[in-house]
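The tour goes from the whole chain to individual side chains.

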Amino acid sequence: GDGEGPVRVRAVVAMDSWLWPMAKEVGAGGPDLKVPVVFLNSDGEFQSAEGRKRQDNLVAGAPEGSFVAAIKGANHHAFSDALLLVPKMLMRVIKRGAGTSRDPQEIIADVVEQSVKFLEPIFRGK
């Protein structure tokens, strides 16, 4: 479309997202976002310096309430709900293999808390 139609997306929650597959213009001074965005990242080495800079640029051009945050002790795999769906014994094995420094349930709880903190004022109209 031409970008002038009805807004179908009211907010964006990006969980440890890569921006490299997107056009270089995205987050490099390109068009501003029309809706608030939050980037929830792992605190590991998943995000490149260029990717983080692009996230910061997107947030700077986004509506008020947008931000970038790192979830302590999380790595990229910790953002998946798969860690919650497997039996506890397997979760311990996956936790070691995934390299998280915290219990995956605590990490997911932090992700949910940050997401709600971001989304609640948008959807309640505050």
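What pattern does the protein chain follow, read along the sequence? Colour by secondary structure: the order is β-β-α-β-α-α-α, which comprises 4 helices and 3 strands. Bear in mind that this is a predicted model.

Next, select the whole protein chain and show its surface. Of the 126 residues in the chain, 34% are buried. Among contacts between residues at least 6 apart in sequence, 78% join residues at least 24 apart.

How many salt bridges does a search of the whole structure find? The search gives 2, and each can be visited in turn.

Select helix α1, residues 49-60, and show the side chains of Arg52 and Asp56, which both lie in this helix. The two form a salt bridge, with the closest N and O atoms 3.3 Å apart. They are 4 residues apart, about one turn of the helix. Asp56 is partly exposed at 34% relative accessible area, and Arg52 is partly exposed at 36%.

Move on to helix α4, residues 104-124, and select Glu120 and Arg124. Their side chains meet in a salt bridge, 3.1 Å from N to O. Because Glu120 and Arg124 are 4 residues apart in helix α4, about one helical turn separates them. Is Arg124 buried or exposed? Arg124 has 58% relative accessibility and counts as exposed, since the cut-off for exposed is over 50%. Glu120, at 36%, counts as partly exposed.

Key. Residues numbered from 1 in each chain as written. Predicted model: local features only at pLDDT ≥ 70, side-chain atom pairs only at ≥ 80, totals over all residues. Heavy atoms only, no water. Helix = DSSP H or I, 4+ residues; strand = E, 2+ residues; numbered from the N terminus. Buried < 20%, exposed > 50% of the residue type's maximum accessible area, 1.4 Å probe, protein only. Contact = heavy atoms within 4.5 Å. Salt bridge = Lys/Arg side-chain N within 4 Å of Asp/Glu carboxyl O.
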